[in-house]
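Open the model in your viewer and keep the selection tool at hand. We will go stop by stop, and at each one you will hear what to select and what is there.

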Amino acid sequence: MRVRILVSFKDSVLDPQGQTVKNALHTLGYDAVRDVRQGKVFELELEGATRKEAEALVPEIARRVLANPIIEKFDWEILKGR
Amino acid sequence: MSAAAMTFGVVQFPGSNCDFDAYHALRRVMNRPTVMLWHKDHDLRGVDCVVLPGGFAYGDYLRVGAIARFSPLMQEVRAFARAGGRVLGICNGFQVLLELGLLPGAMLRNKDLKFLCQHVHIRVEDARTDFTRAAKKGQVLRIPIAHFDGNYYAPPRALRDLERNGQVVFRYCDADGAVTAEANVNGSLAAIAGIRNRAGNVLGLMPHPERAAEAVLGSEDGRTIFESLILSVERRPRTRRTAEAKARP
């Protein structure tokens, strides 16, 4: 099974990189862009995991390692497999 | 001359690059027995104080300090700290202490998204800690920083607790000791440059005291922190005479 985990800053945390990208987009004339948040994407290949196992495993990995819960949040989805 | 000399251990991760600077400052400048501690070991070798040096542990992949906290030695450091052992985290070492949960908060990228490598001034907010007792409250130290991620952040409640418990030990300030937005070069919350844990035996700071421990380096202010630590363990004023008596032949 392949899963994708998206880690980004919590809304309450300032994201200076996202702000810089937003400013660049405005400079290029993309005035419709109201805000930009930058994050990280992880794709994990899980060996022989069922959907139920993945639902326990992936959030644990995300909370414990991939994201720092003090400043970051995460979302995840299954890309391939059951 | 009853108490034994304080001993230090400097932790080495792959990617540490201030480990030998710290060793030099402790062993040669402060003249105290100092050993290197390898991140894969399980033994702190009986040292009185563990120093987590600056650098880029494990390449700072994922997040600064994020991988280093899982190393075998850090589990020992965590137990050592919880038992009251003194731990000093410098720059990357501070970031590792945050990830390890020995200190509250997290580091964000510097507000202007620049790697900052320069001398800064920090003000001693509390001179009663084991890391500052050789200083005076309000004293201004001139010590260099060198980091990309030193923009200290803590959720509102954690910040309130830090302030209420007097855990903010150093703040960025100008040469006169005034905490200004301009002097807070990385944008840290409440201009925080260094904090301690509640018990007072763990301290992390972004500036590098080991790079300001000799006049030839442009500042000796960093010695204050090492002198404080030594004072806290050896429990006697470090007079010139004892310093000379301890000097190596």
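A residue is called buried if 20 or more other C-beta atoms lie within 10 Å of its own, exposed if 12 or fewer, and partly exposed in between, with C-beta atoms placed from the backbone. Select chain B: of its 249 residues, 52% count as buried.

This is a predicted model, in which local features need pLDDT of at least 70 and side-chain atom pairs count only at pLDDT 80 or more, while totals for chains, interfaces and linings use all residues. Residues are numbered from 1 along each chain as its sequence is written, and chains are lettered from A and ligands numbered from 1 in the order in which they are written.

**Stop 1: the whole of chain B.** Its C-alpha atoms fill a box of roughly 50 × 40 × 35 Å along the principal axes.

**Stop 2: a covered strand.** Select residues 86-90 of chain B, which form strand β4; five of its five residues are buried. On one side you will see Arg86(B), Leu88(B) and Ile90(B), and on the other Val87(B) and Gly89(B). Cys49(B) stands opposite Arg86(B).

**Stop 3: the core.** Which residues touch the most other members of the largest nonpolar core? Select Val51(B), Ile90(B) and Leu97(B); the core has 77 residues. Such a core is a set of buried Ala, Val, Leu, Ile, Met, Phe, Trp, Tyr and Cys residues joined through C-beta atoms within 7 Å. Apart from it lies another core of six residues, including Val58(A) and Leu66(A).

Stay with Leu97(B): beyond neighbours within four places in sequence, its contacts include Leu52(B), Gly89(B) and Val202(B) (a contact means C-beta atoms, placed from the backbone, within 7 Å).

**Stop 4: where the chains meet.** The contact takes nine residues from chain B and seven residues from chain A. The predictor gives the complex an ipTM of 0.86 and a pTM of 0.91.

**Last stop: confidence.** Colour by pLDDT, the predictor's confidence in each residue from 0 to 100. Chain B averages 93, but over its residues 240-245 the value is below 50. Where pLDDT is low, the predicted coordinates should not be read in detail.

Key
Contact = placed C-beta atoms within 7 Å. Helix = DSSP H or I, 4+ residues; strand = E, 2+ residues; numbered from the N terminus. Pairing = 2+ DSSP bridges.
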